[in-house]
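Have the viewer open as you read.

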Amino acid sequence: MKWLELVQVAGATLVSAVTVVVLYSLGVRLTATAGDVSERKPAWLRPLAYACFALCGLAVLFGLYLIIPYFSK
Amino acid sequence: MVALVITLALFFDFTNGFHDTANAMATPIATGAIKPKTAVALAAVLNLVGAFLSTEVAKTVSGGIIREGSDGIQITPDIIFAGLMGAILWNMITWLKGLPSSSSHALFGGLIGAAIAGIGIHSINFESLMQKVILPAIFAPIIAGAVAYLCTKLAYALTSRHDPETGSKLTQKRGGFRNGQVFTSSLVALAHGTNDAQKTMGIITLVLIAAGTQAPGSGPQFWVIASCALAIAIGTYSGGWRIIRTMGSGLTDVKPAQGFAAESSTASAILASSHLGFALSTTQVASGSVIGSGMGRRGTTVRWGMAGKIAIGWLFTLPAAGLVGALTAMLVQTGVAGVVIAAVAGTGAVLYMFLHSKKSHVGHHNAVGVQEAGAAVRFRKKKALAVSRTYNKPKDEL
């Protein structure tokens, strides 16, 4: 029966898309905050933003790694 | 005959490529994230790469829908020729109309029609058809649309900024999404390669099996993979500007954050289903996502009239391509003369449509009005917003 596979596709889509979007949005938000003109912004904001972008990239690469048969065999 | 069919299959792959460039590249072009020409070049390269990544879908096509092999019906290259004819003609018609219809369904429709007319209704494996084509066709756009809706909501919620003391809105600074779109749209192009290039590989493999040069049930050979990847890449590079216009501005005005969310969902959905061997329509998934992201942002109107037009195009795709496929199959069965007539008529029709398209040229220069779209995104003041709205509204519908 293919219903299970359909559910799998839905789940995988949801998880991966949400992961990527949340991480990237956080990155965008933190960069924006870091760019604000104000004296009381902590110094770790910008590195944290970049960390978010990096994590997002890693998530994408991990997804590709799971899919490409060359690696999973 | 086998050579003719392979040529035709590669041509189908080419039409598939330029039909579907829009899926990956319409939204970033519409938001001004990438220049149109760069976008199609990037999409072409990634399609090429994607085609090599996975061959699950090719196996579905070559070994599921039509019962081939010793225990099933002997499918002949003639039938496949007829099916491809149906698919190509339907693809050209929808391209002329600027409708983002599904190349995959055109292909399946053509093949099924040809098989029914040429062999009989018992040649179709309806169970496999239902499970691997029809069900994903219905659910994939819904899944992608729902996920895109959610992602758009999330993206806007996470990046909405208010002043902690006064509570008034700060500048939102969502420009980062524009750069992000370059990556997500690339992923969609890659995903397209893993799903759509596979269909042609499946067809060529089916021909080779039918002609007896390859064992039933085996996967595509390397030269098949390489030539299909190349054909789809060239097709993508030629760019289907008409459909890019429909997808980029016809359904809803796309902002970078929306585009980012829509593309992430499209890429995830396609890659996940490619992995399981579902031959779904990348076009339908992408359209679903665009609509979903349109609903996810307040103040965006989805043009349901246009969405309805596209949906009707989808409904017609299977039967229409099937009809052409069936007619061609009957013609081909009359003998060599029939094959010649079918080939000449098909080429003539394609040429006619190509020439007809020249009359109302839609190229990279006027695909979505990049300048206006860019202005719509870069707004900071209310006035600029109003101006860009009046720019974008009266887009002539097709």
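First, the ground rule: rings of Phe, Tyr and Trp (its six-membered ring) pair if their centres lie within 6.5 Å, and planes under 30 degrees apart count as stacked, over 60 as edge-to-face and the rest as tilted. Keep in mind that this is a predicted model. Going by that rule, there are four aromatic pairs over all chains.

Start with Tyr24(A) and Phe53(A): their ring centres sit 4.9 Å apart with the planes at 55°, so this pair is tilted. The pair ties together distant parts of the chain, with Tyr24(A) in helix 1 (residues 3-34) of chain A and Phe53(A) in helix 2 (residues 45-67) of chain A, 29 residues apart. Is each of these rings buried or exposed? Tyr24(A) is buried, at a relative accessible area of 9%, while Phe53(A) comes out partly exposed at 23%.

Over in chain B, Phe11(B) and Phe14(B) make a stacked pair, 6.1 Å centre to centre and 25° between the planes. Both belong to helix 1 (residues 2-31) of chain B, three residues apart, about one turn of the helix. Phe11(B) is partly exposed at 30% relative accessibility, and Phe14(B) is partly exposed at 24%.

Here are those two pairs in a table:

| Pair | Centre to centre | Angle between planes | Type |
|---|---|---|---|
| Tyr24(A) and Phe53(A) | 4.9 Å | 55° | tilted |
| Phe11(B) and Phe14(B) | 6.1 Å | 25° | stacked |

Which residues do ring pairs link into a cluster? Tyr24(A), Phe53(A) and Phe260(B).

Ser264(B) is in helix 10 (residues 256-276) of chain B and is buried, with 4% relative accessibility. Leaving aside neighbours within four places in sequence, Ser264(B) is in contact with Ala17(A), Val20(A) and Val21(A) from chain A, as well as Thr184(B).

Back in helix 1 of chain B you'll find Ala9(B). Ala9(B) is buried, with a relative accessible area of 0%. What does Ala9(B) touch, not counting residues up to four places away in sequence? The answer is Leu84(B), Thr200(B), Ile203(B) and Ile204(B). Ala9(B) and Leu107(B) are 98 residues apart in sequence, with 9.9 Å between them in space, C-alpha to C-alpha.

Conventions. Residues numbered from 1 in each chain as written. Chains lettered and ligands numbered in written order. Predicted model: local features only at pLDDT ≥ 70, side-chain atom pairs only at ≥ 80, totals over all residues. Heavy atoms only, no water. Helix = DSSP H or I, 4+ residues; strand = E, 2+ residues; numbered from the N terminus. Buried < 20%, exposed > 50% of the residue type's maximum accessible area, 1.4 Å probe, protein only. Contact = heavy atoms within 4.5 Å.
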